[in-house]
Amino acid sequence: MLLKYLPTEPKIGFMKLRFGAFALSLVLIIASIAMVATRGLNFGIDFVGGVVIEIETSTKVDIGEIRDALSELDLDGVEVTEIKDNLVAEETGTTIALIKTKAPDAEGEAVEAAVQATASGILSALKDKFGDIEERRKEAVGPKVSGELLQDGIMALVVALGLMLLYIWFRFQWQFSIGAVLALIHDVILTIGMFAVTQFEFNLSTIAALLTIVGYSMNDTVVVYDRVREEMRRYKKMSDTDVIDMSINRTLSRTLLTSGTTLLALFSIFLLGGEVLRGFSFAMIWGVFIGTYSSIFIASAILLHTGLRRGSIGGGENENAPHGAQV
């Protein structure tokens, strides 16, 4: 019902706002880098090594009692968090807790054995104290493996950005690829910066979310670029600024509907998906917002500053030709 009150073809002058958007993005990028440098990221055990165990007790147990039971193990950097929003625990009168501890001090092949022994020690101590304990989740990663995972994650991001650069270059022109890749780098930096601000756990799921954001943002950008190229062929006398504004406006309904429905699903996962999916869904929610913004104000606006020449785009339609179906 709401959509029928909205204009079928809005005429928003996005390009008039581009310098303000550039300034905003520059400030956010500097702030993100500063936050990562000073505050750092809350790396999960995927990247620093350690043990994560999620347990459910058979009866309601105070979280302080769990900490007291683990204090006798002399663990390094142990954290115990109660998962309060779990519906199962509320209905059954139990306690669900997430226990994290760093990898134990050991060298060589002894590290992996020490990590496994730490996990077993935690479960044994809790069973001795509270009786029946359900092990809902257990992850144990050694420092060597975690370092390799971090390197592989960074490499995956770099390769993804490089392939996107080549794809846009071949499909459009190099001017388009510059705008698209700068927008993707913008999205990745701001997402990592947001994790430094919120201190959500940064783990392999976050890397997967970043790669998904790269694909999502690129899809948005390609849709706008396709329309820009089409309209530049059709309206040869119209200024580049007006053509880009018209292209964004003609794809705006598609962009908003796609982002809106995606966000509905992501908010549901964030609220109801549990602790394991929280970091992934948070990164995706932020990525959808920032990816939509960057496809309009970064990727498209940069086309005005890269010396794009219409003669090399090709095509020969005139301005009076009937317009094709909207995306």
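**View 1. Strand E4 and its bridge partners in the predicted model.** In this predicted model, Glu82 has Ala97 as its bridge partner in strand E4, and the two strands concerned, E3 (residues 79-82) and E4, pair in the antiparallel sense over 4 bridges. Strand E2 (residues 50-57) also pairs with E4 in the antiparallel sense, here over 7 bridges, and within this pairing Ile53 has Ile99 as its partner in E4. Strand E4 itself, which spans residues 96-102, is mostly covered, with 5 of its 7 residues buried.

**View 2. The salt bridge between Glu54 and Arg136.** Glu54 forms a salt bridge with Arg136, and the closest N and O atoms of the pair are 2.9 Å apart. Glu54 counts as buried because its relative accessibility is 8%, whereas Arg136, at 32% relative accessibility, counts as partly exposed.

**View 3. The salt bridge between Glu201 and Lys100.** The side chains of Glu201 and Lys100 meet in a salt bridge, with an N to O distance of 2.4 Å. This pair, too, links distant parts of the chain: Glu201 lies in strand E6 (residues 201-202) and Lys100 in strand E4, 101 residues apart. Lys100 has a relative accessibility of 21% and therefore counts as partly exposed.

**View 4. The loop that holds Asp62.** Asp62 is placed in the loop between E2 and helix H3 (63-71), and its relative accessibility of 47% is why Asp62 counts as partly exposed. Although Asp62 and Thr95 are 33 residues apart in sequence, their C-alpha atoms are 7.8 Å apart in space.

View 5. Asp226 forms a salt bridge with Arg229, the closest N and O atoms being 3.1 Å apart, and both residues lie in helix H8 (residues 204-234), where their separation of 3 residues is about one turn of the helix. Asp226 is partly exposed, with a relative accessible area of 24%, while Arg229 counts as buried at 18% relative accessibility. Salt bridges that share partners also join Arg227, Glu230, Glu231, Arg234 and Arg250 into one network. The count of salt bridges comes to 9.

**View 6. A nonpolar surface patch on helices H6 and H7.** A nonpolar surface patch of about 1,200 Å² is made by Ile154, Met155, Val158, Val159, Leu163, Leu166, Trp169, Phe170, Trp174, Ile178, Leu182 and Ile185. Helix H6 (143-171) and helix H7 (174-198) are the elements that give two or more residues to this patch, and H6 gives the most, with 8 residues. Leu163 is found in helix H6 and, because its relative accessibility is 53%, counts as exposed.

View 7. In an unreviewed entry, UniProt lists residues 21-41, 153-170, 177-198, 204-228, 256-274 and 280-304 under "transmembrane region". In the model, residues 177-198 are 100% helix and 0% strand, and the end C-alpha atoms of this span lie 32 Å apart. Residues 204-228 are likewise 100% helix and 0% strand, with the end C-alpha atoms 36 Å apart. The chain as a whole has 10 helices and 6 strands, and buried residues make up 45% of its 327 residues.

Methods: Residues numbered from 1 in each chain as written. Predicted model: local features only at pLDDT ≥ 70, side-chain atom pairs only at ≥ 80, totals over all residues. Heavy atoms only, no water. Patch = residues over 30% accessible without salt bridge, like charges linked within 9 Å, V, L, I, M, F, W, Y side chains within 5 Å. Areas by Shrake-Rupley, 256 points an atom, 1.4 Å probe, with all protein chains shown as cover. Salt bridge = Lys/Arg side-chain N within 4 Å of Asp/Glu carboxyl O. Buried < 20%, exposed > 50% of the residue type's maximum accessible area, 1.4 Å probe, protein only. UniProt positions renumbered as here; feature names shortened; annotations may be inferred. Pairing = 2+ DSSP bridges.
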